[in-house]
Structures are given as C-alpha cells and as structure tokens.
Amino acid sequence: MSDLSAEAIQRALPAQVVGRAVEYYPQLGSTNDLLRQRARAGQPEGLLIVADEQVAGRGRLGRGWVAPPGSSLLLSLLLRPGWLAPADAFAITMLAGVALCEAIEQAVPLRAALKWPNDLLLPVGGAQHKAAGVLSEIELRDGAIDWVVLGMGVNVNWAPRGVVDGRDLGVLATSVGAALGRPADRLALLRALLSRLDARYLALRQGQRAALFADWRARLATLGQPVQVRLPRGELSGVAEDVEPTGALRVRDAAGALHVVLAGDVGG
Ligand code: BT5
C-alpha cells in the first residue's frame, strides 16, 4: 500500500487554490502530460495530479526524469495566472523553487538551495546535489497566459543512480532521505509543499512579485560561481553575477562582456 492517495493528500489541506481537486495514480506516463490534457479540457486551476511512478517522466528539452515506484514525489499543478504578463511567467518557476525549499526545511532539518534555473540542491558531504527539478509548461491564448502546468519531481527515499542523458545520477543527484541520513515522510513533505505553494501563489496573486524574486535570488547557489551556460547555439563560460527580475541570468565572460541569458542550463 502506498502512503499516498487522493484522500490522504487532500485531508484537511490548509490551501485555498492548490489541491482543490486531486487525482492520484499508482502509475502514469507523465503527470505533466495528463495535466496538459486536463488544462486543454478547461479544468479550473488548483487541480493536482500525483503519481507514485511515471514511465515517461520528462525533464526540460526532451530530457528524462527517473524515479523508482514509491521513492519520490511526482506531481503537477494546474494554475491559471491570467493576471501575470507572459513575460513574467518565470515567476511561477521561482515560486515552485522557493516553495520546495520552504517545504523541505519545514519537514526536515535540512537547508535547501536552488540552482538556476530550475534545480533544487541539498547538501551531501560538503557538496550540493540535485534532489528536485521543476518543469513549467505554459500556454497562451490571445496574448495572455491561459494555463501553466507546474511539474515537480522530488527525490525522497532513494539513492539516485544510473546515467540519464549522459549524466551520472550517482554523482550528481541525491534525495531528501539520503541527505538526511534516514527515511523522510513522503506524505508530510507533500502536504508541506502544497501549503507553501498555496501561500506563495496567493502572495504572488496579490502582487508580491518583488518579495518572491528576493527570496528566490537569496537561495540561488549559482550566484558568484563560474558557470558554463549551454545555450541553444553554443556554449558560454563566465561567472554568474546576478539574476534579473524576469529570471534571466547575468553572466560575465572572461573578456568582461556581460551576457543576459533567458533560458539555458548551467554546469559549474
Ligand atoms: C528537470 O529537468 O529537472 C525537471 C524535472 C521535472 C520532473 C517532474 S516529475 C512530475 C512532472 N511530470 C513530468 O513528466 N515531469 C515533472 P532538467 O533540468 O531538464 O533535468 C533533467 C535531467 O536531470 C536529466 O537529464 C537527468 O540528467 C537528471 N535527472 C533525471 N532524473 C533525476 C532525478 N530523479 N534526480 C536528479 N536528477 C535527475
């Protein structure tokens, strides 16, 4: 029996938007894919889809997301922030990153950090390894945001291993339980996450973009670090100096030129 079920997830959930409706599946292709269908069919915001296992879990840019059954939190949340300008849509990814950090810190004694643009890092043996990732997908209608499907994968109780898209998870990834040194309560972590997502979403809706940006920026382990940014066209090396309120990364190259990177991937 899994510790997760739609009833257990929703029970006394102190949330106004997040988790208004919950669907839980023991196995699914990808929670993002099913939620995109629900979004296109006109479902109201707040719908949450949770899976115990994904057989076609996705990262960004066609990459994969792997997790053995029962080991992780795999979920997607439907939001309809029509009040947010499309140019500011990255605020939803910021919101997810900050809420994930806050939820982990609320549930267990660990300090979480973020890696630009969408990774959550936890400390293991003096290093910081990836324990969660965010995949936001957006659809516009008539120049406004129609929906955002906010996907999150959190490694909870497993030691990540195997090579995915050329990256060795045994070296680069960790989980909440591995960083903690003991198993973590997956349902407690999920409920903390839903409540932090809700609080952050309501605050953003009330216009608190600057506060969200400041909290996201303060958690970015990437700032001040040498980075290699993989861009759609070629690679850029430099130092990550700062981020802009849009979420763009400012990278200073060896020749002193400043580059503003809107989307990409950083290795360090
Ligand atoms: C991400 O992509 O980090 C976003 C991952 C989002 C996954 C969730 S699960 C629920 C929802 N439904 C979905 O189908 N997806 C979302 P990206 O930055 O592109 O990172 C992907 C890379 O992370 C892969 O190429 C691997 O190298 C690595 N990776 C794969 N599985 C991992 C894991 N469990 N832990 C850490 N790294 C992993």
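**Exercise 1. The second largest pocket**

Which element gives the most to the lining of the second largest pocket?

*Solution.* 
Step 1. The structure is a predicted model, and the pocket in question has a volume of about 590 Å³.
Step 2. Its lining comprises 27 residues, of which Phe90, Thr93, Ser136, Leu262 and Ala263 lie nearest the centre.
Step 3. Two or more lining residues come from each of α3 and β6.
Step 4. The greatest contribution is that of β6, with five residues.
Step 5. Sorted by class, the lining holds 17 nonpolar, six polar and four charged residues.

**Exercise 2. The largest pocket**

*Solution.* 
Step 1. The space in the largest pocket is about 1000 Å³.
Step 2. Of the 49 residues that line the largest pocket, Lys115, Asp119, Lys130, Arg167 and Leu172 lie nearest its centre.
Step 3. Elements that each supply at least two residues of this lining include the strands β3, β5 (119–124), β6 (127–141) and β7 (144–155), as well as the helices α2 (31–40) and α4 (169–172). The strands β10 (226–230) and β14 (265–267) also belong to this group.
Step 4. With six residues, β6 gives the most to the lining of the largest pocket.
Step 5. The lining of the largest pocket divides into 21 nonpolar, 18 polar and 10 charged residues.

**Exercise 3. The enclosed space**

How many cavities of 30 Å³ or more are counted, and which residues line the largest cavity?

*Solution.* 
Step 1. The count is one cavity of 30 Å³ or more.
Step 2. About 40 Å³ of space lies in the largest cavity.
Step 3. The residues lining the largest cavity are Thr93, Gly97, Leu114, Lys115, Pro117, Asn118, Asp119, Trp216 and Leu220.
Step 4. Elements that give two or more residues to this lining are α3 (90–107) and β4 (113–115).
Step 5. By class, four residues of the cavity lining are nonpolar, three are polar and two are charged.
Step 6. A cis peptide bond, with omega about 0 degrees, joins Trp116 to Pro117.

**Exercise 4. The two sides of helix α7**

Which residues of helix α7 are buried, and why do they line one face of the helix?

*Solution.* 
Step 1. Within α7 (residues 209–218), the buried residues are Leu212, Phe213 and Trp216.
Step 2. Viewed down the axis of α7, these buried residues fall within an arc of 100 degrees, so they line one face of the helix.
Step 3. The general rule is that an α-helix has 3.6 residues a turn, so residues three or four places apart point the same way.
Step 4. On the face of α7 turned away from the buried side are the exposed residues Ala210 and Ala218.
Step 5. The buried residues of α7 pack against α3, β4, α6 (186–205) and β11 (235–243).

**Exercise 5. The nonpolar cores**

Identify the residues that touch the most other members of the largest nonpolar core, and examine the contacts of Met152.

*Solution.* 
Step 1. The largest nonpolar core has 71 residues, and those touching the most other members are Leu120, Leu122, Leu150, Met152, Val176, Leu197 and Trp216.
Step 2. The largest share of this core, 11 residues, comes from α3.
Step 3. A second, separate core has 10 residues, among them Leu28, Ile49, Leu78 and Trp147.
Step 4. Beyond residues up to four places away in sequence, the contacts of Met152 include Leu73, Leu74, Leu75, Ala96 and Leu100. Met152 also touches Gly133, Val134, Leu193 and Leu197.

Key
Residues are numbered from 1 along each chain as its sequence is written. This is a predicted model: local features need pLDDT of at least 70, side-chain atom pairs count only at pLDDT 80 or more; totals for chains, interfaces and linings use all residues. Side-chain values use heavy atoms; hydrogens and water are left out. On a 1 Å grid over the protein atoms alone, a cavity is a set of points where a 1.4 Å probe fits but cannot get out, and a pocket is an open set with protein on both sides within 12 Å along at least five of seven lines; lining residues have an atom within 4 Å of a point. Grid points are joined across faces, edges and corners, and a volume is the space filled by probe spheres set on the points. Helices (H or I, at least four residues) and strands (E, at least two) are DSSP runs, numbered from the N terminus. Ala, Val, Leu, Ile, Met, Phe, Trp, Tyr, Cys and Pro count as nonpolar, Asp, Glu, Lys and Arg as charged, and the others, Gly among them, as polar. Buried means under 20% relative accessible area, exposed over 50%, partly exposed in between (1.4 Å probe, protein chains only). The arc is that of the directions from the helix axis to the C-beta atoms. Contact means heavy atoms within 4.5 Å. A nonpolar core is a set of buried Ala, Val, Leu, Ile, Met, Phe, Trp, Tyr and Cys residues joined through side-chain atoms within 4.5 Å.
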